[in-house]
Structure formats: structure tokens, C-alpha cells
Amino acid sequence: MTSYKLEAGTAQHIGNRPQQNDRVALMTGARAPGYVLAVLSDGVAGAAGADQVMHTAKQVFDEFKPGDRPTVERLQQLLRDIVQETHLVINMNAVTTQVQAPASFVGLVLTPHGDAVWTHVGDSRLYYFHEGKCLVRTNDAAYIEHLVSTDRVPPEAAKNHRKSKLLLNLLGNNRKEPFMAFGERSGLAAGDTFLLCSDGLWHFFTDAELGGALAKASPRQASEMLINKAGERSHGKGGNCSMAIVKLVKPVLDRA
């Protein structure tokens, strides 16, 4: 079993927008003791899609039965189920309401065995740090390769995919299925930190700045500092700013 404990928290700020369309949560599973699911979603043109992400994530995670030690593929399937079911429901709701409610997604599963699996869809991000150094930062590279290889999209056009509704990678895009890029890490230890965040945060910081802030402070202190600094750097034009922080720290008895 693990030789660390979790310090975790979520934080949000509306930024300079009329409403908060981001949603973020840390969840435990009803049938998966010791497992943690972190989810963040950025709703486009409203919060309905992001609300659906949270609702579906809770439902799917509560039904998850891990057994002794699930494989990486099984944990990936858990995240895939959340994405695919949410995508389906958002599109079904759009038929009834005649309103599209797409959303981004980033999800992280942590196990009591020191394993982590994550995926993302869209421009919300996951960072993985060890002792303040960024070891992983999700990006759109895999999605661009996917567009080029499967859709025969010219590379330059794929790099500008955010400018095209046809190419946009989101849950609830009724023209395309969401593309999921997965990552994993085993042997987690004290000193590791995960950050899930929306573009209202990551747009304003370097990897080193984020890592330094998270290494030196508790999740609550770090989130307050990052939100304040993002507000300063946005010069009154910042979007919704949301994050989930999960730090792995030594138990109190091991700190002597």
C-alpha cells in the first residue's frame, strides 16, 4: 500500500466573465474504497455541459468495482465510460432543447496502490509534478496526429483546429466523437502533485511557476495565490479560472 497521504482541494474564480461555466470536483467511489477521482470540465457557452460531466462522473464512479488491483486498461475504461456517456447525453439533450452544450474534460484516477491514470478532451489540462518539477503536461499533440492520420486533415490545418467547429475536440460536439489522450504513472510517492485546471489558469503560467507554487504551499494556499496572480496577469480579460490540486505528502509520523 502507499506510504503517503493526500492533501487535496478545489478552487474557482469567475474571472471577468458574466457567469461561471467551469465545474470541478474530487470524488470517492461508493464501491471503491481508497480510490479518488478528480474531474474538471469547462462548459462552452454555458455550464450545462460541465454540469452533465459532473453528474455522469459521479454515477459511473459509484458503480465502479475495482477488485484487488485493476489494470491500467480497466482504469482507462472507467474514464472512457465517463466521457462517452456524457457525450451521448449532451447530444441527446441538444435534440430536445435545440441548444448545444459542449464541454471539455480532464479526469484523474488515483488508486490506493500508488497508481494514477488520466485523460483529457479539449483545452483543460493536467500537470504532474515531482518535487516541483513538471514531468507531465497534457497537450493537443496526440489529437493533432489523430486528425492528420484519420481525417486526412493537412498538418497546418490541424494545428489550427480550435478555429474550426468541425475539428473542435469536445464532449457534445455533434459532428465528431471526442478524442481521448491517456496517460499513466505507477509508483507514486510523497512529493508528487497533480494539478487539473482550465485555460483561465494555465494560460498565465509557465510550468516552473506552477510547480514552484504547488511545492511550497498547501493546496488552499497555492490556489489562492494562483487565482490572484492569474487575475493580475489577465489585465481584466481573464476567463473562468478553476483547478483541482492533489498533493502526495509524507504522513505526519514519517516527517520527523
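**First stop: residues with positive phi**

Select Gln-98, which is found in the loop between helix H2 (72-97) and strand S4 (105-110). Helices (H or I, at least four residues) and strands (E, at least two) are DSSP runs, numbered from the N terminus. The model is a predicted one: local features need pLDDT of at least 70, side-chain atom pairs count only at pLDDT 80 or more, and totals for chains, interfaces and linings use all residues. Residues are numbered from 1 along each chain as its sequence is written, and side-chain values use heavy atoms, with hydrogens and water left out.

The phi of Gln-98 is near 65°, a positive value in a residue other than glycine. Most residues other than glycine have a negative phi. Gln-98 counts as exposed, at 66% relative accessibility. Here buried means under 20% relative accessible area, exposed over 50%, and partly exposed in between (1.4 Å probe, protein chains only).

Next, select Glu-131, in the loop between S6 and strand S7 (133-137). Glu-131 is not a glycine, yet has a positive phi of about 50°. With 59% relative accessibility, Glu-131 counts as exposed.

**Second stop: aromatic pairs**

Display the side chains of Phe, Tyr and Trp. Rings of these residues (for Trp, the six-membered ring) pair if their centres lie within 6.5 Å; planes under 30 degrees apart count as stacked, over 60 as edge-to-face and the rest as tilted. By this rule there are 6 aromatic pairs. Select Trp-118 and Tyr-128: their ring centres are 6.5 Å apart and their planes lie at 35°, so the pair is tilted. Trp-118 belongs to strand S5 (residues 116-121) and Tyr-128 to strand S6 (residues 125-130), so the pair ties together parts that are 10 residues apart in sequence. Both Trp-118 and Tyr-128 are buried.

Now select Tyr-127 and Phe-129, an aromatic pair that is stacked, with 5.8 Å centre to centre and 5° between the planes. Tyr-127 counts as buried at 0% relative accessibility, and Phe-129 counts as buried at 2%.

Then turn to Arg-125 and Trp-202. Arg-125 lies over the face of Trp-202, at 4.9 Å from the ring centre. A charge sits over a ring if NZ of Lys or CZ of Arg is within 6 Å of the ring centre and within 35 degrees of the ring normal.

Which residues lie nearest the centre of the largest pocket? Select Asp-42, Val-44, Asp-123, Asp-199 and Gly-200; these lie nearest the centre, in a lining of 25 residues. The volume of the largest pocket is about 510 Å³. Helix H5 (residues 199-202) supplies the largest share of the lining, 3 residues. By class, the lining of this pocket divides into 6 nonpolar, 12 polar and 7 charged residues. Ala, Val, Leu, Ile, Met, Phe, Trp, Tyr, Cys and Pro count as nonpolar, Asp, Glu, Lys and Arg as charged, and the others, Gly among them, as polar.

On a 1 Å grid over the protein atoms alone, a cavity is a set of points where a 1.4 Å probe fits but cannot get out, and a pocket is an open set with protein on both sides within 12 Å along at least five of seven lines; lining residues have an atom within 4 Å of a point. Grid points are joined across faces, edges and corners, and a volume is the space filled by probe spheres set on the points.

The structure holds 1 cavity of 30 Å³ or more, and the largest cavity contains about 40 Å³ of space. To display its lining, select His-120, Gly-122, Asn-139, Asp-140, Tyr-143, Asn-169, Phe-179 and Ala-181.

Select helix H3 (residues 141-150), where the buried residues are Tyr-143, Ile-144 and Leu-147. They cover an arc of only 100° around the axis, which puts them on the same side of H3. The arc is that of the directions from the helix axis to the C-beta atoms. On the other side of H3, Glu-145 and Ser-149 are exposed.

**Last stop: Lys-237**

Finish at Lys-237, in the loop between helix H7 (219-234) and strand S10 (241-249). Lys-237 is exposed, with a relative accessible area of 68%.
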